[in-house]
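Let's sit down with this one and work through how to read it, a feature at a time.

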Amino acid sequence: MTNIEQDRWSRVKGRLRSSVGEDVYTSWFARMDLESVQDESVHLSVPTRFLKSWIQAHYADRVLTCWQAEMPEVHRVDLTVRTAMRCAAPVKEAPAPADQRRPERADGRPASELRATATAPVSASHDALGGSPLDPRLTFASFVIGRSNTLAHAAARQVAEGRRGDAVMFNPLYIHAGVGLGKTHLLQAVTWAGNSGAERKVLYLTAEKFMYGFVAALKTQTALAFKEALRGIDVLVIDDLQFLQGKSTQAEFCHTLNALIDAGRQVVIAADRPPSDLESLDDRVRSRLAGGLVVEMGSLGEELRLGILKSRVAAARAHHASFDVPEPVLDYLARTITHNGRDLEGAINRLLAHSKLNAQPVTLEMAEREVRDLIRPQEPKRIKIEDIQRVVARQYNVSRSDLLSSRRTANVVRPRQVAMYLAKTLTLRSLPEIGRRFGGRDHTTVLHAVRKIEALVARDTALSEEVESLKRQLQE
């Protein structure tokens, strides 16, 4: 390729980036190369068939328009799938004068080459298949380990360090936790670590990205290529599974999940609740997810929060050497900001901005003023239907299986109705979901139980006190 062609190709890529946006460009065009320009035709290449099909279906006219803006005589753009290794002979360059040579590291490689390697995309497969964007900060090295996330971290490391062909121990690995407790950090760390070598292909997708890719493939009749591409992945990482919607999309996800697991490939999934609580998912998907290793990441303890704060301060100091947060301020933040890790990071960012923009040191007074809106009241305990069934069964001296059974004796019916009433008032579960969790009952049965207990509580003082006592036990 001549220098003129290279310059034109750079300008075309700039136009394309401006036209489609940074995210779309990175997902679909970052791996596109110019092969040649001949007469009225431009020859481009991409690394996979799926990428070729997608670009031809969605962006062919856009690519041609960008080329015609640079070369009006171009009337055709040909797209081909290139081989993994081009057989071009290396070009030897004359050695540069000693005072112009690039600085070298201990291993003899130029410093600029090392930096380029460190900041390169995680892998060609991740870019080419349209993986969701990865944050370079979210690695195992920056993950702070504490009592609440030790098991999840260990399982994720085990998955990331596996090799192609190794026996899969935890499949699927399912991690669930509330917002800001580190799920996405662990999943992206698995992707970064897994893609650090060329041996395995690791793809990170949000549930939204999976849905978008599947629906778009259906519309463009490239669904087969989409399926083949996903089934060729060694480790599929899916984030925010609770957002997966649509009957056909869920069916395709189920087929993909089964195909990968049956082929000995690894699947890692994160959501904000356990598989049994994902009401929108098909029973088959929930069952398959529950059959792997399900790990909960609990709330952040004060010691872990302090560790996260220190880690964030150290990361900020790498770019702002004079930035410092005194120990009393860190202790105050760890003690008072209890909601999630993102609030902790936000607090450090505020202190950094205030310190740099106002040229003032960080003090306790400043911290109290700057982060007061991040100090939230303690969230109420999240109550599960299983907890309600256990506490009610113990209170009325029946078994949990009695509550789920079809028995209609008086000593079982009343506790069952009370448990259904508590499930409706103390959780966000729908009537059909509550009925399903009580032995597969119809939602009208649950509604009848709720109305019955509401009416009894209004006029029966003893029952009202019993129900209040049960609520206190569940909320403690």
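Q: Is Glu-252 buried or exposed?
A: Glu-252 is buried, at a relative accessible area of 3%. Here buried means under 20% relative accessible area, exposed means over 50%, and partly exposed is in between (1.4 Å probe, protein chains only). Before we go on, this is a predicted model, where local features need pLDDT of at least 70, side-chain atom pairs count only at pLDDT 80 or more, and totals for chains, interfaces and linings use all residues. Residues are numbered from 1 along each chain as its sequence is written, and side-chain values use heavy atoms, with hydrogens and water left out.

Q: Which residue forms a salt bridge with Glu-252?
A: The general idea is that side chains of opposite charge can pair when their charged atoms come close. The rule for a salt bridge is a side-chain nitrogen of Lys or Arg within 4 Å of a carboxyl oxygen of Asp or Glu. For Glu-252 the partner is Lys-227, with the closest N and O atoms 3.6 Å apart. This pair ties together distant parts of the chain, 25 residues apart: Lys-227 sits in helix H10 (residues 223-231) and Glu-252 in helix H11. Lys-227 is partly exposed, with a relative accessible area of 29%.

Q: How many salt bridges are there by this rule?
A: The count comes to 21. Another of them pairs Arg-265 with Asp-234, their closest N and O atoms being 3.9 Å apart. That pair also links distant parts of the chain, 31 residues apart, with Arg-265 in the loop between H11 and S7 and Asp-234 in the loop between H10 and S6. Arg-265 counts as partly exposed at 25% relative accessibility, while Asp-234 is buried at 7%.

Q: Those labels keep coming up, so how do I read the sheet, and in what order do its strands come?
A: Strands of a sheet pair through backbone hydrogen bonds, either parallel or antiparallel. As for the labels, helices (H or I, at least four residues) and strands (E, at least two) are DSSP runs, numbered from the N terminus. Two strands pair if DSSP finds at least two bridges between them. In this model, five strands make an open sheet in the order S5-S6-S7-S4-S8, with parallel pairing. Strand S5 (202-206) and strand S8 (293-296) each have a single partner strand, so one side of each is left without a neighbour in the sheet.

Q: What joins S6 to S7, and what lies across them?
A: Four bridges join strand S6 (residues 235-239) to strand S7 (residues 266-271). Val-237 stands opposite Val-268 in S7. Helix H11 (residues 247-262) lies across S6 and S7, running at about 140 degrees to S7. For that angle, axes are lines fitted to C-alpha atoms, for helices over the stretch in contact (heavy atoms within 4.5 Å), and angles run from 0 to 180 degrees between N-to-C directions.

Q: Which residues touch the most other members of the largest nonpolar core?
A: A nonpolar core is a set of buried Ala, Val, Leu, Ile, Met, Phe, Trp, Tyr and Cys residues joined through side-chain atoms within 4.5 Å. The largest one has 49 residues, and Leu-186, Val-237, Phe-323, Val-325, Leu-333 and Leu-351 touch the most other members. Helix H13 (residues 302-317) gives the most to this core, with six residues.
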